Amino acid sequence: MSTLFKYLLVAHVVAGILAVAGLWLVWLNIIKDKVNISFVKNVALWTVILLFLSWVSGGWYYVQYYGTAVKPIIKAGSFPLAHSIVMEWKEHIFLLLPFLAISILGVFLFAGDQVESNLAVRRSATRLAGAATILGIIITLAGVVISGAVR
Amino acid sequence: MNRINKVCSIGIKITNGVVLGSIIAVVFITLVTLVAGLNPLIKTWLKDAFGHHWVGKSILSVVIFATVSLFAGFFESREGQRLAGLLNALFWITALASILLLVFFTYEALT
C-alpha cells in the first residue's frame with residue numbers, strides 16, 4: 001500500500017471515529033435538563049466537517065485502492081461475506097450518516113430555541129442523535145470486521 | 001418581540017427544508033442502491049457517468065439534498081410541530097433503509 005492510501009485510510013478512520021464521538025456528545029447533551037445550545041452547535045458543526053472528511057478520504061481509498069487490492073483478498077479468504085454483506089452494507093449506510101448529522105446541525109443552528117421550548121422537537125432531535133450515534137458505532141464495528149477479514 | 005418571533009420562524013422554515021432534503025436524500029440512496037443492484041444497466045450508467053457507482057450515488061445524493069433543501073426552504077412550514085414530524089420521519093426512514101439494505105445485501109450474497 002502506498003503512503004497516500006495509508007494516510008487516506010488513517011484519515012477515514014480517525015475522522016470517522018471523532019465524528020461518532022461528536023454525535024455521541026450531541027446526544028448526551030440533548031438529554032441533559034439544560035441544553036448548552038452554543039456548545040452543541042459547535043460539536044454538531046465539527047461532526048459534519050469530520051464526516052465529510054471521512055467520506056472523501058474513505059471514498060478515495062475505496063474507489064482507487066480497495067476494489068483492486070483489498071476486495072480480492074477478502075473474497076479469497078476465510079470470510080468472503082465480510083465484503084459481500086458487511087462492506088456492501090457499510091459503504092451505502094455510511095452515505096446516510098452525513099445527512100443525519102446535517103439535519104441535527106440544522107436544528108441547533110437555525111432552531112436551537114425550539115429544542116429548549118418545544119418538547120416534541122427536543123424528543124425527536126434526541127431520537128435522531130441517538131440513532132445517528134448507534135449507526136456510527138455499527139459502521140465503525142463493520143470497519144473492524146472488514147479489516148480483520150483482510151488478515 | 002415580533003421581529004424575534006419572525007427570525008425564529010424563518011429558522012424553523014430553513015431547518016424544515018434541510019431535514020426534508022435529508023429525507024429525500026436517504027430515500028434516493030436506498031432506492032438507487034436497490035434498483036442498481038437489481039438492474040445492471042443502472043449500475044453501468046452510474047459507473048460510466050461518474051467513474052464508480054458509489055461516487056455517482058454520493059454526488060447525486062448531495063445534489064438532491066442541496067436542491068430539495070434550497071427549494072423546500074421557501075415553501076416549508078414555520079411550525080415547530082412540523083419540524084418534530086420531519087425529524088421523526090427521518091429517524092424512521094433511516095431505520096427502515098438500514099434494515100432494507102442489510103436484508104438486500106444478505107440476500108444477494110447468499111443466493
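Hi everyone, let's start with one residue: Phe110(A) sits in helix α4 of chain A, the helix that covers residues 97-110. Before I go on, please keep in mind that this is a predicted model. Is Phe110(A) buried, partly exposed or exposed? Its relative accessibility is 33%, so Phe110(A) counts as partly exposed. Now look for Lys41(A): along the chain, Lys41(A) and Phe110(A) are 69 residues apart, yet their C-alpha atoms are separated by 9.7 Å.

Next, let's talk about charges. How many salt bridges does a search of the whole structure find? Over all chains, the search finds one. The partners are Lys34(A) and Glu116(A), whose side chains meet with 3.6 Å from N to O. Lys34(A) belongs to the loop between α1 and α2 (37-76) of chain A, while Glu116(A) belongs to helix α5 (residues 112-117) of chain A, so this pair ties together parts that lie 82 residues apart in sequence. Glu116(A), with a relative accessible area of 43%, is partly exposed.

Let's stay on chain A and turn to the greasy side of things. On the surface there is a nonpolar patch formed by Trp24(A), Leu25(A), Leu28(A), Ile31(A) and Phe39(A), and together these residues have about 440 Å² of accessible area. Which element gives the most to the nonpolar patch? That is helix α1 of chain A, residues 3-30, with three residues. Trp24(A) lies in this helix α1 of chain A, and its relative accessible area of 45% makes Trp24(A) partly exposed.

Finally, let's see how the two chains meet. In this model, 39 residues of chain B are in contact with 33 residues of chain A. Between them, chain B and chain A bury about 3200 Å², and 79% of that is on carbon and sulfur atoms. In chain B, the residues that lose the most area to chain A are Trp54(B), Leu87(B) and Phe105(B), which together make up 21% of what that side buries. What about polar links? There are zero salt bridges between chain B and chain A, but nine residue pairs are in polar contact, both residues being at pLDDT 80 or more. On the side of chain B that touches chain A, the elements giving two or more residues are α1 (2-38), α3 (53-75) and α4 (80-110) of chain B. The largest share of that side comes from α4(B), with 18 residues.

Technical notes: Residues are numbered from 1 along each chain as its sequence is written. Chains are lettered from A and ligands numbered from 1 in the order in which they are written. This is a predicted model: local features need pLDDT of at least 70, side-chain atom pairs count only at pLDDT 80 or more; totals for chains, interfaces and linings use all residues. Side-chain values use heavy atoms; hydrogens and water are left out. Patches are made of residues with over 30% relative accessible area and no salt bridge: like charges are joined within 9 Å, nonpolar side chains (Val, Leu, Ile, Met, Phe, Trp, Tyr) within 5 Å. Accessible areas come from the Shrake-Rupley method with a 1.4 Å probe; for residues, only the protein chains shown count as cover. A salt bridge is a side-chain nitrogen of Lys or Arg within 4 Å of a carboxyl oxygen of Asp or Glu. Helices (H or I, at least four residues) and strands (E, at least two) are DSSP runs, numbered from the N terminus. Buried means under 20% relative accessible area, exposed over 50%, partly exposed in between (1.4 Å probe, protein chains only). Contact means heavy atoms within 4.5 Å. Buried area is the accessible area (1.4 Å probe) that two parts lose on being put together, summed over both. A polar contact is a pair of N or O atoms within 3.5 Å; within protein, one must be able to donate a hydrogen and the other to accept it, and residues adjacent in sequence count only if both atoms are side-chain atoms.
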